[in-house]
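This report describes selected features of one structure. Please look over the sequence and the model before reading on.

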Amino acid sequence: MTPVLSVENLSVSMTNRDGDLVPVLENLSFNIDKGRTIALVGESGCGKSMTALAIMRLLPEGFVITGGRIVLDGEDLLAARPKRMRALRGDAMSMVFQEPMTALNPLYTVGDQIAEVLYYHRRLSRKDAAEQAVQFLKAVQIPAAEQRAKAYPHQMSGGMRQRVMIAMALACRPKLLIADEPTTALDVTVQAQIFDLLAQLQDETETAIVLITHDLGAVAELADEIAVLYAGRCIETGPAHEIAARPRHPYTRGLLGCVPHLAVGVAKPEVWTDLGEIPGMVPGLGNRGPDCAFLARCANASELCRSKPQPPLGHVEAGHAVSCWRAEEIAA
Amino acid sequence: MMIHEDLRPADGDPYLLDVNDLVVHFRAGRKRLWDKPSFVHAVDGVSFRVKRGTTFGIVGESGSGKSTTAQAIMRLVQATSGQVVFRGEDIMPLTGEPLRKARKHLQIVFQDPFSALDPRRRAGDQIREPLDLLEIGNRSERDARVRKLLAEVGLPPEAADLFPHQFSGGQRQRLCIARALAPEPELIVCDEAVSALDVAIQAQILNLLKKLQRERGLTYIFISHDLGVIQQFCDEIAVMYLGKIAEQAPASALFTAPRHPYTWSLVSAAVPPGPLRDELKAKYLVKGEPPSPVDPPPGCRFAQRCPFAEARCREELPFLDATGHEHYVACHRKDEIGVPDFTPRPVSGPIG
């Protein structure tokens, strides 16, 4: 089966004030099959959102794709003309953003905004598009959908708006959905509902999902594959359960270790033990050398690591690849 | 729970803060001109006590009133009624100089370190400001204190001369903590202080807050929507829903035997993936979102969404009753509905 989306050696750079190109993403590769989900995980500044914007060809001014290929269902997106990209966005590929308030137009009713997608891409009549929009609001479990279709975004709660965003993104049954931190702005119980909704809609539509998140723990449930990004480079990739259970890269281990997970049914220890922390922070753009990007923060770094360049993504097991010179030793 | 002996006052009162029936209502306008104005019941009769040297957690969804509670305690919003006894004195009626003096011991760290710092002033000056305002020490003493505070929160002394935009989010939160520590307060309110930070930075800040608590015997009110953080960080926890405390208990009791159906729902949404989560979510995760806090109906605030609600729940407001050692729950049916089995389930195959 050919993958729905295939990203090969994608590199993105930014032009800085002096007019020099500074790498933002370096040689990023991943594939997603129909009906599957890949999670891109990492801290802010690691290039997760830039990857999403590069795929949508919506990079902000000053950012350029300097190499690689992005192939959506056999079509090379980097060769597509702007008119073709406009036809694809919202139809074959769509995106759900983190902040539903800024992503929705405050001047149109949510029904109109969903209908617009169908009117534009599917050439439905205004009336049919409006009827379909109500059906989609029902599909994302908005109660009293006929009335809510006439509501403006400010009349809805954050969770409702995010449901509207999802309805809009899925209106044309896209092959690819990119969800950029879709639940970060929402309450925990609403988060759980949105994840369930995404999983259920994915079962029905077989959409491939790229899920962007900073919470490695939360994605294990929804994702099939995980790619961990650090400073614009993919440093570990593999099946979600494998990475959650046996992370190899010190950064992945750090990410998993620093989140205090809720433990129910067991008594809490009387004394506080410090959370595992990753010292320091992600190196800024322009401060990334040829050596391992995680070197400065890594507790496992040795002389060997310092003397070598960024390690290649080497396979440790079927489908599980790690970019670390000491991956073998650390696993032992 | 550890109480620092040296901080306990001579009269032996272990409580630093005693909040008594705190009410904050905001006017929300009227539907028609001659109607009575409606009110947002942001905080609706909240009472709790905080022991010295401990961390009191408040957890709830947005709109539950957790931040408004904190701001009313800080006197940043005016409470409609209620008492806040801090260090043995009701600070609600205070104004002017006495209020300023009380605030020396009462500081807050906000969620967003980007908007909590003045972009046009150097970091050192901002940490120094409370010392200047409260006239603590002389000039050189204040400078020395700023350097010491920077070191305590893990920033180099050069940081004093930089502007906020030259720091990362985590470093800015360290600055906010240093500023809160400057007047040597006894109580610090952390209002979602780690929620805006990346997970790795969040761990750094939580470790720092614990270190400072150990060293200075600080008391925290820690507000968060993240149950994992709340469980590990807090000694005692109040679960708020629509302006009221639904359940309050020591951290161990709350997560081994929670009694309120709303707590069950929160827990089921936050348990790590696995068989237990699937089971809890199917049974206890409530649908939809909290109703509007404008003129709420009588009865239990959770009744509309509660799977166990009956007629009585919709008519009569439940009181926060003791059900165990320092464990309080506001539910009419607490004895009938029992406690779910929260023990970890056996794992079959690899879990994701």
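## Basis

The structure is a predicted model, and every value below is computed from it.

## Cysteines

There are zero disulfides over all chains. A:Cys234 is accordingly in no disulfide, and its nearest cysteine sulfur, that of A:Cys46, lies 11 Å away. A:Cys234 counts as buried because its relative accessibility is 9%, and the cut-off for buried is under 20%.

For A:Cys305, the closest cysteine sulfur belongs to A:Cys324, at 6.0 Å, which is too far for a bond; a disulfide would need the two sulfur atoms within 2.5 Å. A:Cys305 also counts as buried, because its relative accessibility is 7%.

## Strand β3 of chain B

Strand β3 of chain B spans residues 55-59 and is mostly covered, with five of its five residues buried. In a regular strand, side chains alternate between the two faces of the sheet. In β3(B) both faces are covered. B:Thr55, B:Gly57 and B:Val59 are buried on one side, and B:Phe56 and B:Ile58 are buried on the other.

Two strands of chain B pair with β3(B). Strand β8 (residues 219-224) runs parallel to β3(B) and is joined to it by five bridges; here B:Thr55 has B:Tyr220 as its bridge partner. Strand β9 (residues 236-241) of chain B also runs parallel to β3(B), with four bridges between them. In that pairing, B:Ile237 of β9(B) stands opposite B:Gly57.

## Contact between chains A and B

Chain B contributes 53 residues to the contact and chain A contributes 40 residues. The size of an interface is often given as the accessible area lost when the parts come together. For chain B and chain A the buried area is about 4000 Å², with 57% of it on carbon and sulfur atoms. B:Val199, B:Asn207 and B:Glu289 supply 16% of the area that chain B buries against chain A, more than any other three residues.

Ten residue pairs are in polar contact between chain B and chain A, counting pairs with both residues at pLDDT 80 or more. One salt bridge is counted between the two chains. A:Asp196 and B:Lys281 form a salt bridge, with their closest N and O atoms 2.8 Å apart.

On the side of chain B that touches chain A, the elements giving two or more residues are α6 (199-216), α7 (227-233), α8 (251-256), α9 (261-270) and α10 (275-284) of chain B. The largest share of that side, ten residues, comes from α6(B).

How values were computed
Residues numbered from 1 in each chain as written. Chains lettered and ligands numbered in written order. Predicted model: local features only at pLDDT ≥ 70, side-chain atom pairs only at ≥ 80, totals over all residues. Heavy atoms only, no water. Buried < 20%, exposed > 50% of the residue type's maximum accessible area, 1.4 Å probe, protein only. Pairing = 2+ DSSP bridges. Contact = heavy atoms within 4.5 Å. Buried area = accessible area lost by both parts, 1.4 Å probe. Salt bridge = Lys/Arg side-chain N within 4 Å of Asp/Glu carboxyl O. Polar contact = N/O pair within 3.5 Å; in protein donor to acceptor, adjacent residues only side chain to side chain.
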